[in-house]
Every structure is written in structure tokens, then in C-alpha cells.
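Student: Please take me through a single part of this structure up close. I would like to see how that part sits among its neighbours.

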Amino acid sequence: MSVSSTQSIPDATDTPRHVVIIMDGNGRWATQRFLPRTAGHVRGVQAVRRAIEGCGRAGVKYLTLFAFSSENWRRPQEEVSLLMRLFVQTLEKEVGKLADQGVRLRVVGDLSAFEPRLQDLIKVAEARTAHNDVLHLTIAANYGGRWDILQATRQLLKDQPELAQTPDAITESMLADRLTMAWAPEPDLFIRTGGEQRVSNFLIWQLAYTEMYFTPTYWPDFDADALGQAFDWYRHRERRFGRTSEQLAKKSKY
């Protein structure tokens with residue numbers, strides 16, 4: 001099969017256009033300080049603010065944060081309830097600031113599991129910031145990568161039921177266009193705090209060519225310097241997208 005050498009190859013720049021972060025280590029941060037795990041989640045909200053501000057200053061256009069996975073419902077009920085309350089409180093307190101800063105907010109995932117009040121707050125926040133374009137902030141909540149691919153497949157077959165009889169006609173773009181973040185470019189830089197080194201069912205379709213950065217720093221301690229270190233690491237990566245180093249060197253001459 002012949003594939004064009006320029007097919008689906010994005011431009012590589014020193015600053016990542018799209019950064020995604022798994023904000024891990026809140027509970028362990030709290031446990032080390034003999035605090036309840038919920039205290040780590042409260043402190044983690046401050047790190048969210050720092051990440052938004054840092055990415056905005058660096059010129060990042062898209063920032064996606066994994067706030068609550070579809071597997072997180074298995075956690076202790078007290079912790080889940082606190083996370084839901086934090087989500088509500090943060091939307092109520094922070095949306096005005098985001099709107100003033102030119103940030104567009106979207107929330108992706110299976111939102112039907114959330115209480116009506118939270119669903120309404122999400123809709124209001126998205127509508128209030130819909131005109132902004134400085135930074136596109138996406139919060140993944142009750143999200144799973146497998147769920148995303150499954151819902152995209154179901155939507156494709158609903159839209160074009162004849163494809164069930166002609167599966168060879170299905171293309172990657174048909175499915176990609178129905179993923180929950182179809183409007184955003186594929187991530188350039190993936191950051192996971194807390195020391196774990198896995199993607200944990202996060203954007204598993206979209207991360208195919210993303211640079212993976214893992215840090216032992218717990219999310220509440222992830223500050224401007226830590227973000228800067230991740231960006232420095234990214235700048236030294238050679239993003240080949242299937243090509244050779246020699247091809248990249250030749251391309252850079254022109």
C-alpha cells in the first residue's frame with residue numbers, strides 16, 4: 001500500500017500546540033502529610049490554575065486535563081463526593097476568570113452520570129466562554145478512551161448505517177471526526193505527574209504520536225518550574241512521525 005510522505009504529518013514546533021495532563025498524586029501528596037486524601041484534591045485545584053496560566057504564557061493553544069476517569073467511580077464514596085463538589089465549586093468560582101482571560105472551556109466525557117446541577121453548570125460555563133480563542137481548555141470528566149472510541153463507532157453507524165454492510169469503506173477520518181475532541185489537534189505533549197508511567201485509558205486514539213513525559217512530582221506540587229522542565233524536555237525531542245532522522249535533517253534545510 002502506498003502512503004503519501006506528507007499524509008497526516010503535523011508541523012513540529014518548539015512549543016507544543018496541544019498539551020494533555022493526567023493530574024496524578026493528589027491522594028499520595030495528602031497521605032505523606034498525614035492529611036485526608038480529599039485535602040490533596042483541594043490543593044490540586046491551585047495546580048490547575050498554575051497550569052492554565054503557564055500554558056497561556058508559553059503560547060500553548062490547547063490544554064486538556066484528565067480530571068475524573070470512568071474508572072474513578074470505584075474510589076471511596078467520600079472521595080468521589082468531594083470530587084463532585086469540587087467540580088461544582090470550581091465551575092462556580094473560576095468560569096468568570098477564564099472568560100476574562102480569553103479561555104474557552106469544554107468538558108468531555110459521559111456527562112449523563114452527573115447530577116443535573118453539575119450538568120447545567122457545565123452547559124452555562126461552555127456557553128459563557130464559547131467566543132474565546134486564546135486558550136482552549138478541555139476537562140475530561142467521566143471519560144475513558146475506550147468509551148470514546150465505542151461512542152464514535154456507534155455514532156458513525158447511526159449516521160451511515162450502510163457501512164455495516166460495507167465495513168471496508170470505513171476510514172480513520174470517519175471515526176476520528178466523531179471522537180469527543182474531534183475539533184482539537186492531536187496532542188503534542190502528554191504529561192503525567194505522580195510517578196506512574198501509563199496512559200490509563202486516556203485519549204488512547206489521539207495519543208498515537210504524542211511525546212510522553214512522566215514526572216514523580218505529585219500534582220499539587222506541579223508548579224511553573226515543573227511545567228517549564230516538561231517543555232524543555234519536549235524541545236529536545238525529535239518528532240519523526242514515521243520518518244528517519246536523515247529525512248528530518250534534509251527537510252530542515254529547506
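Tutor: Take helix 4, residues 116-128. Helix 4 has 13 residues and reaches 18 Å from its first C-alpha to its last, close to the 18 Å expected at 1.5 Å a residue. Keep in mind that this is a predicted model.

Start with the inward side. L118, I122 and A125 of helix 4 are buried. Because these residues cover an arc of only 70° around the axis, they lie on the same side of helix 4. The general rule is simple: an α-helix has 3.6 residues a turn, so residues three or four places apart point the same way.

Now turn to the other face. Pointing away from the buried side of helix 4 are the exposed residues P116, K123, V124 and A127. Exposed here stands for over 50% relative accessible area, and buried for under 20%.

What do the buried residues of helix 4 pack against? Their partners are helix 3 (77-100) and strand 3.

Q89 sits in helix 3. Q89 is partly exposed, with a relative accessible area of 40%. Compare its position with that of L118, one of the buried residues of helix 4. Q89 and L118 are 29 residues apart in sequence, and their C-alpha atoms are 9.7 Å apart in space.

Six strands make up an open sheet, in the order 3-4-2-1-5-6, with parallel pairing. Strand 3 (103-108) and strand 6 (211-214) are the edge strands, each pairing on one side only. From one strand to the next, the twist averages 20°. In general, strands of a sheet pair through backbone hydrogen bonds, either parallel or antiparallel.

Strand 2 (residues 62-69) pairs with strand 4 (residues 135-143) in the parallel sense, over seven bridges. In this pair, S69 stands opposite Y143 of strand 4.

For comparison, consider helix 2 (residues 37-58). Its 22 residues should span 32 Å at 1.5 Å a residue, and its end C-alpha atoms are 32 Å apart, which agrees. Helix 2 has its own buried residues, among them T38, H41, V45, V48, I52 and C55. G59 follows helix 2 and has a positive phi, near 95°.

Back to helix 4. Its buried residues pack against helix 3 and strand 3, while P116, K123, V124 and A127 are exposed on the face turned away.

Conventions: Residues are numbered from 1 along each chain as its sequence is written. This is a predicted model: local features need pLDDT of at least 70, side-chain atom pairs count only at pLDDT 80 or more; totals for chains, interfaces and linings use all residues. Side-chain values use heavy atoms; hydrogens and water are left out. Two strands pair if DSSP finds at least two bridges between them. Helices (H or I, at least four residues) and strands (E, at least two) are DSSP runs, numbered from the N terminus. Axes are lines fitted to C-alpha atoms, for helices over the stretch in contact, and angles run from 0 to 180 degrees between N-to-C directions. The expected span of a helix is 1.5 Å times one less than its number of residues. Buried means under 20% relative accessible area, exposed over 50%, partly exposed in between (1.4 Å probe, protein chains only). The arc is that of the directions from the helix axis to the C-beta atoms. Contact means heavy atoms within 4.5 Å.
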